[in-house]
Amino acid sequence: MNDADRAQAEIERFSQLSIAQLRQRPAPKANGLCLYCQARVANGVLFCDSDCRDDFERLARRKARA
Ligand SMILES: [Zn+2]
């Protein structure tokens with residue numbers, strides 16, 4: 001691995017990090033309940049399944065547009 005490769009890897013890691021942070025920003029903190037249906041979920045988990053996550057994101061997007 002040369003310096004250019006290392007720089008490229010660094011850039012990729014950084015941009016992935018900021019994309020993840022951007023995605024997370026509008027979501028409230030995990031509190032042990034699904035953000036969409038309020039079902040109990042594991043610690044640090046925001047949604048009980050991908051359907052709830054998708055529905056929540058759809059709602060959030062609709063709110064953001066309104
Ligand atoms: Zn749910």
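Predicted model: local features only at pLDDT ≥ 70, side-chain atom pairs only at ≥ 80, totals over all residues.
Figure 1. For comparison, four tetrahedral donors would ideally sit at 109.5 degrees.

Figure 2. Which of them is buried, and which is partly exposed? Cys-52 counts as buried because its relative accessible area is 9%, under the 20% cut-off. Cys-48 has a relative accessible area of 37%, so it is partly exposed.

**Figure 3. Asp-49 caps the N-terminal end of helix H2.** A side-chain oxygen of Asp-49 lies 3.2 Å from the backbone nitrogen of Asp-51. Helix H2 itself runs over 50–65. Its 16 residues reach 22 Å from the first C-alpha to the last, close to the 22 Å expected at 1.5 Å a residue.

**Figure 4. Val-45 sits in the loop between helices H1 and H2.** Val-45 is partly exposed, as its relative accessible area is 31%. Its C-alpha atom is 9.1 Å from that of Lys-29, a residue 16 positions away along the chain.

**Figure 5. Stepping back, the protein has two helices and zero strands.** Buried residues make up 11% of its 66 residues. The protein exposes about 5,800 Å², and carbon and sulfur atoms supply 52% of that area.

Definitions and conventions:
Residues numbered from 1 in each chain as written. Heavy atoms only, no water. Helix = DSSP H or I, 4+ residues; strand = E, 2+ residues; numbered from the N terminus. Buried < 20%, exposed > 50% of the residue type's maximum accessible area, 1.4 Å probe, protein only. Areas by Shrake-Rupley, 256 points an atom, 1.4 Å probe, with all protein chains shown as cover. Expected span 1.5 Å × (residues − 1). Polar contact = N/O pair within 3.5 Å; in protein donor to acceptor, adjacent residues only side chain to side chain.
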